[in-house]
Amino acid sequence: MTDDRFLNEHWELTRRHLLQLGVLGSIVAVPIDKKSLGMDIQVAAAETDAAKANPPAKPEKAGALADPYFTPAAHFGDISRGKPIPHTLSEEKKREVGLTRDTWRLEVISDPENPAKINKPRTKLNGTAVDFEELQKLGERHAVRFPKVMTCLNMGCPLGMGLWEGVPLRELIWRTQPQENLRRVFYYGYHNEDPKQLFRSSLPIGRILEDPFDLPPVILCYKLNGEWLDAERGGPVRMVVPEAYGFKSVKWLTHVVLTNLAHANDTYAEHNNDIDSPLKTFSATLSIPREIRAGDKIPVSGYAQVGISGLSKVQVSIESKAAPRPDDDPYFTQAPWFDAEILSPPKRWDSLNEGKIPENTLRFDPVGSPKVWPLRLTNAHWIAMLPGLAVGEYTLRSRTIDEKGYAQPLPRPFRKSGHAAIESVLIVVKE
């Protein structure tokens, strides 16, 4: 997908949403310079027709798009580890190492170095490892599904928005009959039988056995957007931790280890990463003209990642590059901020069967409408119309205000605990 068509499609989507809300009358009447928006209508239409006939494999920024809200599995970004990456293995090799649904096995064991006392470990050696059939039987009674944005700790754009489905991890842990000395759980997936490639994450046992603050449960995930989880997305089974960054949601899951270890032992703790930081709330632009005529109003649209602290509003500011900025205001608190419009939920949930939310989806009512909006741990989308400006260069910024009133990048502005930096975008206004 070209950048121009991407911007065009996002603007058209947000325009339609605002029309539905009845607040776009003045915007429709604005004489917008289509070339300054990076849009030639006939070219864009031709590109759209061509794209429908030959859709791109992975559209740019697919994880942030408003339409479709749920990212098709094939369009997710991928930063998988491994040499070779496990999803690139041949089907024969996948079967050999247990990366197909009929050959997958999961061991749930005690940590030999810091043992937890459990009565019934699940191992391949004694023939009790969990297979896919057993997981599905558990799913008939215990399966849950919920929406979650999948994003990396150190990236500013999500890898994808998904509706994830699986069995809460606690259901398997209880079946090992744990007795005592269980403080933490660590887990890892297939790593090409090479200890140097092992990628491990961990959680406190309390987070797995309970769901604090009304969070969805940690799950052994086997479906994405209603379809079986494919190998590229971590199938046949992966971990999904709702409030966490992607490194906690380990792919190609093979081992769950119950331990009396008192601290985290995540591989991602290397390179100064904060492995206990939950998803942050932040905003970024998607569609914005970089050059525009003096006096023309400026349409801007974007998305917000709704982190653990929720989202109350998105704000936008625009300032002349020539204007002095105070040295003691690193978070732009003194900029001229004004509120943007947060878009309503989609009318159709494309990428899902019949465009509908399945029944019994967490955070949705029986008819498939979100109980609140925006939903935490997902994406929201916004739009703003900026006033016309005089000739010159300007810097546009957007930020979120969370449900506690903290303005991005607060309350956690630190780099290695998740992206939250305020984006700065140059706009050139010409005669």
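## Salt bridges and cores in a predicted model

Modeller: Start with one pair. Asp 329 and Arg 325 join their side chains in a salt bridge, 3.4 Å from N to O. Bear in mind that this is a predicted model.

Biologist: Is Asp 329 buried or exposed?

Modeller: Read the relative accessible area. Asp 329 has 4%, so Asp 329 is buried. Arg 325 is at 27% and therefore counts as partly exposed.

Biologist: Which other residue does Arg 325 meet in a salt bridge?

Modeller: Glu 319. The N to O distance there is 3.3 Å. Glu 319 is buried, at 17% relative accessible area; the cut-off for buried is under 20%.

Biologist: What forms a salt bridge with Glu 319 at 3.2 Å?

Modeller: Arg 397, taking the closest N and O atoms. Now place the two residues in the chain. Glu 319 sits in strand E16 (residues 313–320) and Arg 397 in strand E20 (residues 392–401), so their bridge ties together parts 78 residues apart in sequence. Arg 397 counts as buried, with 7% relative accessibility.

Biologist: How many salt bridges does a search of the whole structure find?

Modeller: The search finds 21. Look for networks too. Arg 170, Arg 207, Asp 211 and Glu 243 are linked in one.

Biologist: Now the nonpolar side. Which residues touch the most other members of the largest nonpolar core?

Modeller: Leu 106, Tyr 187, Leu 220, Met 239 and Val 256, in a core of 50 residues. Then ask what supplies the core. Elements that each give at least two residues include strands E1 (105–110), E5 (160–168), E7 (184–189), E9 (219–224) and E12 (253–259). Helices H5 (132–142), H6 (169–175) and H7 (205–209) do likewise.

Biologist: What is Leu 220 in contact with, leaving aside neighbours within four places in sequence?

Modeller: Its contacts include Leu 106, Leu 135, Val 167, Leu 169, Leu 172, Val 237, Met 239 and Leu 253. Read the whole list, though. Glu 165, Gly 166 and Arg 238 are also among the contacts of Leu 220.

Biologist: Which residues does the second, separate core include?

Modeller: Ala 304, Ile 342, Trp 382 and Ala 384 are among its 22 residues.

Key: Residues numbered from 1 in each chain as written. Predicted model: local features only at pLDDT ≥ 70, side-chain atom pairs only at ≥ 80, totals over all residues. Heavy atoms only, no water. Core = buried A, V, L, I, M, F, W, Y, C linked by side-chain atoms within 4.5 Å. Buried < 20%, exposed > 50% of the residue type's maximum accessible area, 1.4 Å probe, protein only. Helix = DSSP H or I, 4+ residues; strand = E, 2+ residues; numbered from the N terminus. Contact = heavy atoms within 4.5 Å. Salt bridge = Lys/Arg side-chain N within 4 Å of Asp/Glu carboxyl O.
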